[in-house]
Amino acid sequence: MSDEPVRPKPYVGLFSQVSPSDRLRLRGIIDFVIERLIQFAGVSTIFIVGLIFFFLIREGLPAFLDIPLRQLFGGRWYPIDDFFGLWPLIVGSILVTVGAIVIAIPLGLTTAIYLGEFAPQWQREILKPLIEVLAGIPSIVLGFLGWVVLAPIVQRLGAPTGLTVFTGSLILAYMSLPTIISISEDALYAVPKEYRDGALAIGATQWQAVWRVVLPSARSGLVIAIMLGIGRAIGETMAVMMVTGNAANVPGLGLDMLFQPVRTMTATIAAEMGEVAQGSLHYSVLFAIGIVLFVITFGINSLAGRLMGTQAGRRRKENI
Amino acid sequence: MTRQQAHQLAVGLISAVAALVVIPIVLVILFIIVRGIGTLDWEFITTVPRSGMKEGGIMPAILGTVILTFGTAIACIPLAIGAAIYLAEYARDTRLTRWVRLAIVNLAGIPSIVYGLFGLGAFVLFLNLGTSIIAGSLTLGIMTLPVVISTAEEAILAVPQRFRMVSLSLGATRWQTIRSQVLPQAMPGIITGVILGLSRAAGETAPILFTVSAFYLPRLPHSIFDQTMALPYHLYVISTQVPDMPLSIQYGTALVLMLIVLSLTLIASIVRTKMRRRREW
Amino acid sequence: MPNSHQVKIAIQDVSFTYSDGTEALRNISFDVYTNEIFVLFGPSRSGKSTLLKLLNRLSDLSEGATIRGGILFNGQDVFDHRVNVATLRRQISMVFAIPTPLPGSIRDNLTYGLRMGGIRSIDVLNERIERSLKQAALWDEVKDRLDKSAFALSGGQQQRLCLARSLAMEPDVIVLDNPTSGLDPLSTETVEESLQELKQRYTIIIVPHSVQQATRIADRAAFLLDGDLIEIGQATDIFVAPQDKRTEDYITGRFG
């Protein structure tokens, strides 16, 4: 029955190069070209980040070369008299951003916890689209409302003007909420169900399970959410420009500094770029502010990206 | 206080805070609608501004935003979908891939005003396109890349691996598999991402401040190298730069802008649910 | 049975390690002859599916895996860098455990491989549709609704459609990875009968649903355990009088 099997002579039918069919070869070329294009598209994102930085440097470098660093980061911003001190603008940005984050973190995390752990399904189906809608409202519309509605209210509370750090922070907080909520909700969702069940099984209430088990395990995701929220807040321009009063001064320390007008870095660029002569020192300084913003957000996002990187990778290729 | 009471107190507080987040959103939308609806008529959306923008309509601004949105789509879609395919289908876990991902996270985080500076330096001045629709579209297109890339990548990854296996096992090449199986199945998700990205672009002001926007240009643009008005910038101008501007026109403009942006968002979510329902696997 | 055998596929000292270090196959060698039904059986995770995927290089999808050894198909090494994998997969066609119609009509499914291979002629396509459906015993059930969605078919019909889809390419070898896993007994019987018909024209390699199925359909069989080839032989020998204790334990159900 089982005689020595006959081994066939090799033939070359599988080698496209050796048995050329024109169609096969053409398809090979098309595939090759398309795959190179796709690869190029992917890699171009790195290239674009580089380009953005390059053009900021190209226009902004003179500011760093012509103005002594002491003065560039000094305390006086009077462009008309050639005083280009960025310190008041940096302080303005920091104050507004810190204010926004102080408001947004408790609101955002709590809402994420509610959505992820406590809200019944029907509420989730209403609330999540609403928060998407908030992300969709243009910042100029919120700024407009802040300008015509919120600022007068703040003024009535006793501030000398309604255009203050607090007004800006409040609006910025709501603008960074969608980022914070959606990312922290993902982080809560990623906590394995067994952790909750385990806690409930040893007699914890649902709230204790969330507080003692779920939140700690979602910690790194929540940190990412807050970081991206900060990044979002510090870069926001239009709304902030309209409601923070645009006064380039460093308010004195104290609680009432929240109710003083400031001017942020973003607002300075937006407000003054239209009036400067191209190539002037003032023009370069505005680009230099752009460089500062770029570096800050690049740092925040790279850190967040690195944290995310350690979490990612698991989800891929699991949907067989 | 018993543990049960503590639990109830916690849940009560949490729901109260959630309400604090959600109620203002509803109020903002209702407020704009109530205050703006009176201004919104056929004349308002079809005529050009008159008497220093204090009368007449906002047609050039509406049209400018529509044109810019299309321009953004053209500038952004090919590159974004290419990059998404690269990440989802081709990229191995190499250093280069990690850099691409980092670049996308960073693109998403760069402030919109910095995109405006980049557009000014790169397109308006270096490429000498001037303040023009094309310069603005390119700027907005690049700003929109990360949103579209991320959603498109998610959509592509969500196509079950077994369809790729089957297609490949039937002798399709990798690209044929992507083109005839993966992309069609991922299309609802990709479209959703594109529309969402465009809705953001349509509402942005900072990137177009120095790249396209005309303060006052009561006519239609002649070509893509022309300036144009745009709704977000127009709202900024009439609310802060023009004294004694009637509030009704300001609210009307805000309402139109909000409606355009939110209807794009709405379309995106309808596409998503409709197509998902049609899916058979 | 002919008394001399053409070797269709020769597996030569093949080892396969996934990127995470899992050794799926260790030094596997055996031949598959032309026009036989060759059964690969063993407990789950014994390496059967991995081995099948190596035959048509779907294993390429496992990033970072290491492969040693060689697989000759008609005397030719499938891992040769000059091999066009699309052509290889058209000749060694695969049917998966889960019936996976592609979105689209029954017709679209049957012609997919041909269209991707550049065949456009309607006559050729129609002729292949009819022949492959008849071979898979599905023609009578679907001939009037070729343009309806493939998802409208029952599970058993879907799996026969997948078989027909592979046959439509007129491959040389058909590889089936547990093709009857989700099917009812009647559909299973239909598929098994089809296979007996098909081996007249094709070489068939199959991972069976159960030992019972293996005994029903096999000409020859190989028993895999934890990535090792334990025993190989004629069906009449291996299922009746296995040489190895482990094979015997598995067949008699005394295993794990």
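# Close-up views of a predicted three-chain model

**View 1. Where chain C meets chain B.** In this contact, 21 residues of chain C touch 16 residues of chain B. The model is predicted. On the chain C side, helix 2 (85-91), strand 6 (92-95) and helix 3 each supply at least two residues. By class, that side of chain C has 11 nonpolar, 6 polar and 4 charged residues.

**View 2. Where chain A meets chain B.** Here 73 residues of chain A are in contact with 75 residues of chain B. Helix 1 (residues 22-66) of chain A gives the largest share of the chain A side, with 21 residues. The chain A side divides into 44 nonpolar, 21 polar and 8 charged residues.

**View 3. Chain A by itself.** Chain A holds 12 helices and 2 strands. Along the sequence, the pattern runs α-α-β-β-α-α-α-α-α-α-α-α-α-α. Chain A has 320 residues, and 46% of them are buried. Take the contacts in chain A between residues at least 6 apart in sequence: 73% of these join residues at least 24 apart.

**View 4. Helix 3 and helix 9 of chain A.** Helix 3 (residues 87-118) and helix 9 (residues 219-235) of chain A have axes that come within 9 Å. The axes cross at roughly 140°. Helix 3 of chain A and helix 9 of chain A are therefore oblique to each other. Their crossing is right-handed. From helix 3 of chain A, the contact residues include A:Ser93, A:Thr97, A:Ala100 and A:Gly108. From helix 9 of chain A, they include A:Leu222, A:Ile226, A:Gly229 and A:Ala233. By class, the residues of this contact are 10 nonpolar, 4 polar and no charged.

**View 5. Helix 3 and helix 4 of chain C.** The axes of helix 3 (residues 106-116) and helix 4 (residues 122-135) of chain C come within 10 Å and cross at roughly 115°. That angle makes helix 3 of chain C roughly perpendicular to helix 4 of chain C. The crossing of these two helices is right-handed. Helix 3 of chain C brings C:Arg107, C:Leu110, C:Thr111 and C:Leu114 to the contact. Helix 4 of chain C brings C:Leu125, C:Arg128, C:Ile129 and C:Ser132. The residues of this contact divide into 4 nonpolar, 2 polar and 2 charged.

**View 6. The nonpolar cores.** The largest nonpolar core has 187 residues. Those with the most contacts inside this core are A:Val141, A:Ile289, B:Ala80, B:Ala84 and B:Ile156. Helix 3 (residues 59-90) of chain B gives the most to this core, with 17 residues. Back in the largest core, B:Ile156 can be followed to its contacts. Leaving out residues up to four places away in sequence, B:Ile156 touches B:Ala84, B:Ile85, B:Ala88, B:Glu89, B:Val182 and B:Ala186.

**View 7. B:Tyr236, a buried residue.** B:Tyr236 sits in helix 10 (residues 231-241) of chain B. B:Tyr236 is buried, because 25 other C-beta atoms lie within 10 Å. Not counting residues up to four places away in sequence, B:Tyr236 touches A:Ile140, A:Met238 and B:Thr205. B:Leu125 is 111 residues from B:Tyr236 in sequence. In space the two are 24 Å apart, C-alpha to C-alpha.

**View 8. C:Gln196, an exposed residue.** C:Gln196 belongs to helix 7 (residues 185-198) of chain C. C:Gln196 counts as exposed, because it has 12 C-beta neighbours inside 10 Å. C:Gln196 and C:Ile217 are 21 residues apart in sequence. Their C-alpha atoms are 7.5 Å apart in space.

**View 9. Two loop residues with positive phi.** B:Asn128 is not a glycine, although its phi is positive, at about 60°. B:Asn128 lies in the loop between helix 5 (112-126) and helix 6 (133-157) of chain B. With 8 C-beta neighbours inside 10 Å, B:Asn128 counts as exposed. C:Arg45 also has a positive phi, near 65°, in a residue other than glycine. C:Arg45 lies in the loop between strand 3 (37-41) and helix 1 (48-55) of chain C. C:Arg45 is partly exposed, with 14 other C-beta atoms within 10 Å.

Notes:
Residues numbered from 1 in each chain as written. Chains lettered and ligands numbered in written order. Predicted model: local features only at pLDDT ≥ 70, side-chain atom pairs only at ≥ 80, totals over all residues. Axes fitted to C-alpha atoms, helices over the stretch in contact; angles between N-to-C directions. Helix = DSSP H or I, 4+ residues; strand = E, 2+ residues; numbered from the N terminus. Parallel < 35°, antiparallel > 145°, perpendicular 65-115°, else oblique. Left-handed = near helix turned anticlockwise from the far one by under 90°. Contact = placed C-beta atoms within 7 Å. Nonpolar A, V, L, I, M, F, W, Y, C, P; charged D, E, K, R; others polar. Buried ≥ 20, exposed ≤ 12 C-beta atoms within 10 Å, placed from the backbone. Core = buried A, V, L, I, M, F, W, Y, C linked by C-beta atoms within 7 Å.
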